Amino acid sequence: MAGYLPFHDRNVMAMYKKIYRGEFRCPRWFSAELTRLLSKLLETNPEKRFTFPEIMENSWFKKGFKHIKFYVEDDKLCNVVDDDELESESVESDRDSAVSESEIEYLEPRRRVGGLPRPASLNAFDIISFSQGFDLSGLFDDDGEGSRFVSGAPVSKIISKLEEIAKVVSFTVRKKDCRVSLEGSRQGVKGPLTIAAEIFELTPSLVVVEVKKKGGDKTEYEEFCNNELKPKLQNLTADDVVAEPVMVSAVDETETAIANSPPVCFLPSDTE
Amino acid sequence: MEDWPQVSSRSSSLTVGEQICAVFIPFFAIIDVLISSVGQCFDYRSTSPRSCQHADLERLARESRFSVNEVEALYELFKKLSCSIIDDGLIHKEELRLALFQAPYGENLFLDRVFDLFDEKKNGVIEFEEFIHALSVFHPYAPIEEKIDFAFRLYDLRQTGFIEREEVQQMVSAILMESDMMLSDELLTMIIDKTFADADSDKDGKINKEEWKAYVLKHPSLLKNMTLPYLKDVTTAFPSFIFNTEVED
């Protein structure tokens, strides 16, 4: 707004002195209201500084202000209002196969079979990249890895189970193809607890479900996973395997054999 | 001017003790310098990247796709990692393992590969320069060819220039073992068969660089691990560098 920084000096120590004392000058064209608001924002005493609710109440701030609701998906901020536009856009972008260098869409084109989302298929290298050793983001955050497990249940059952779990704890559910995002409402220091679950196809009758924390407190996430998510999804696996009709094929016999055994094996790595 | 005679008489009024001290003071100064310089020989710190000069940081910024401020911020990360177990300003394998697995012990095939690729000089430690060079590839704006190449070298366990079937088998088995997960041999074979059918276009049982490139362009999600979005905002993750910076970006 001013076109220059409030605290600036070629000498770093002099700049810090200005910051410490809260010394800054507003340009002449700033209104008195704005100058007042800024001095309350740049208040050196954290006790006296304006908080977000106070900013929202300020008359200068309220002029022309539009409250935007947003959520995080794919590590990007998404506007709730644009949701409908996004839905129609994503179908079109799937058909576009051009891949640009700097912006890679990490979603594989989703094949829509009769309205039901078909999960992306995993190849050997996908499985290899699950390893914690290959994921260097661990150098920057200690959010912990996601957990993955194999399930013989059909995709639609898993998704509806996730929705059911979310309803019990009053979490918001956002679905996009084979990704389900559960968002809590309780605000914490790191934001509300947000969990993203994604389903991948391992074989025609087995899927891998990957659960990751996208926001919120780590302990809360682990509690939720251990008490709510895992046990309920675990039961799903065992039950549905029995109910599913056995497909006729040599390979599938092995698969159902595996699926029938007491599985729920979590892929790396549960940080316990 | 009338002080002169008084000065000379004052100087001769120094006690013998004070005169002796006056003689020895320069010697003490010399000994002091000798001790501190000898002491530096035994102090790793003075030779380690910890005392990275500003000129080095600028050079690293030029050679990589980071700005000087980003290199400084990454230096903060490097310092944190490099002194977690052995405080010598270099990242040892245990320290990398600790950072990624929160445990310094245990064997891990993937960690070995990552460490090996970071350690350009192959001297068993990762220096700051090597750290920056390797991380540069993980920047969101790094060209995809670099990422494809790095991933290829990661998976080429025996460094033969090809990703062989046995290597893929070894890696997938390692992952499953890490998770105590049991997948039957048939299932495993089927998954690898499917992958090779898709990737190995000349059907020679191994994936060469060109085949890998074509395969990855068909399945871009395979390069997911090769990009760290954090690198775009690294200066906000380590703001303490602000106190050390001499450059405005």
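Reader: Where does Pro6(A) lie?
Author: Pro6(A) sits in the segment before helix H1 of chain A, and that helix covers residues 12-21. Keep in mind that this is a predicted model.

Reader: Is Pro6(A) buried, exposed or partly exposed?
Author: Its relative accessibility is 40%. Buried means under 20% and exposed means over 50%, with partly exposed in between. So Pro6(A) counts as partly exposed.

Reader: Which residues does Pro6(A) touch?
Author: Glu23(A), Phe24(A) and Leu42(A). That leaves out residues up to four places away in sequence.

Reader: And what separates the C-alpha atoms of Pro6(A) and Lys18(A)?
Author: A distance of 9.2 Å. Along the chain, the two are twelve residues apart.

Reader: Let's zoom out. How many helices and strands are in chain A?
Author: Chain A has nine helices and ten strands.

Reader: How many residues does chain A have, and what share is buried?
Author: It has 272 residues, and 39% of them are buried.

Reader: What about its surface?
Author: The accessible surface of chain A is about 16200 Å². Carbon and sulfur atoms account for 54% of that.

Reader: What share of contacts in chain A join residues at least 24 apart?
Author: 52%, counted among contacts between residues at least 6 apart in sequence.

Reader: Now a glycine. Where is Gly152(A)?
Author: Gly152(A) is in the loop between strand S5 (147-151) and helix H7 (155-168) of chain A.

Reader: Buried or exposed?
Author: Gly152(A) is buried, because its relative accessible area is 15% and the cut-off for buried is under 20%.

Reader: How many residues separate Gly152(A) and Val208(A) in sequence?
Author: They are 56 residues apart in sequence. In space, they are 8.8 Å apart, C-alpha to C-alpha.

Reader: What is the phi of Asp177(A)?
Author: It is near 50 degrees. That is a positive value in a residue other than glycine. Most residues other than glycine have a negative phi.

Reader: Where is Asp177(A) found?
Author: In the loop between strand S6 (172-176) and strand S7 (179-183) of chain A. Asp177(A) counts as buried, at 17% relative accessibility.

Reader: Over to chain B. How many helices and strands there?
Author: Chain B has twelve helices and two strands. Read along the sequence, the pattern is α-α-α-α-α-α-α-α-β-α-α-β-α-α.

Reader: What share of chain B is buried?
Author: Of its 249 residues, 44% count as buried. Chain B exposes about 13500 Å², and carbon and sulfur atoms supply 60% of that.

Reader: What share of contacts in chain B join residues at least 24 apart?
Author: 56%, among contacts between residues at least 6 apart in sequence.

Reader: Which residues are buried in helix H5 of chain B?
Author: Glu95(B), Leu96(B), Arg97(B), Ala99(B) and Leu100(B). The helix covers residues 93-101.

Reader: What do they pack against?
Author: The buried residues of H5(B) pack against helix H4 (68-82) and H6 of chain B. Just after H5(B), Gln102(B) takes a positive phi of about 60 degrees.

Reader: At what angle do H5(B) and H6(B) pack?
Author: At about 125 degrees, with their axes 11 Å apart. H5(B) and H6(B) are therefore oblique to each other. Their crossing is right-handed.

Reader: Which residues make that contact between H5(B) and H6(B)?
Author: From H5(B), Lys93(B), Leu96(B), Arg97(B), Leu100(B) and Phe101(B). From H6(B), Leu111(B), Asp112(B), Val114(B) and Phe115(B). By class, the contact of H5(B) with H6(B) has six nonpolar, no polar and three charged residues.

Reader: How do the axes of H6(B) and H8(B) cross?
Author: They come within 9 Å and cross at roughly 125 degrees. That makes H6(B) oblique to H8(B). This crossing is right-handed.

Reader: Which residues meet there, between H6(B) and H8(B)?
Author: Arg113(B), Val114(B), Leu117(B) and Phe118(B) in H6(B) meet Phe150(B), Arg153(B) and Leu154(B) in H8(B). The contact of H6(B) with H8(B) has five nonpolar, no polar and two charged residues.

Reader: Last one. Where is Lys203(B)?
Author: In the loop between helix H10 (185-199) and strand S2 (206-207) of chain B. Lys203(B) is exposed, with a relative accessible area of 56%. Its phi is near 55 degrees, a positive value.

Notes: Residues are numbered from 1 along each chain as its sequence is written. Chains are lettered from A and ligands numbered from 1 in the order in which they are written. This is a predicted model: local features need pLDDT of at least 70, side-chain atom pairs count only at pLDDT 80 or more; totals for chains, interfaces and linings use all residues. Side-chain values use heavy atoms; hydrogens and water are left out. Helices (H or I, at least four residues) and strands (E, at least two) are DSSP runs, numbered from the N terminus. Buried means under 20% relative accessible area, exposed over 50%, partly exposed in between (1.4 Å probe, protein chains only). Contact means heavy atoms within 4.5 Å. Accessible areas come from the Shrake-Rupley method with a 1.4 Å probe; for residues, only the protein chains shown count as cover. Axes are lines fitted to C-alpha atoms, for helices over the stretch in contact, and angles run from 0 to 180 degrees between N-to-C directions. Angles under 35 degrees count as roughly parallel, over 145 as roughly antiparallel, 65 to 115 as roughly perpendicular and the rest as oblique. A crossing is left-handed if the near helix is turned anticlockwise from the far one by less than a right angle, and right-handed if clockwise. Ala, Val, Leu, Ile, Met, Phe, Trp, Tyr, Cys and Pro count as nonpolar, Asp, Glu, Lys and Arg as charged, and the others, Gly among them, as polar.
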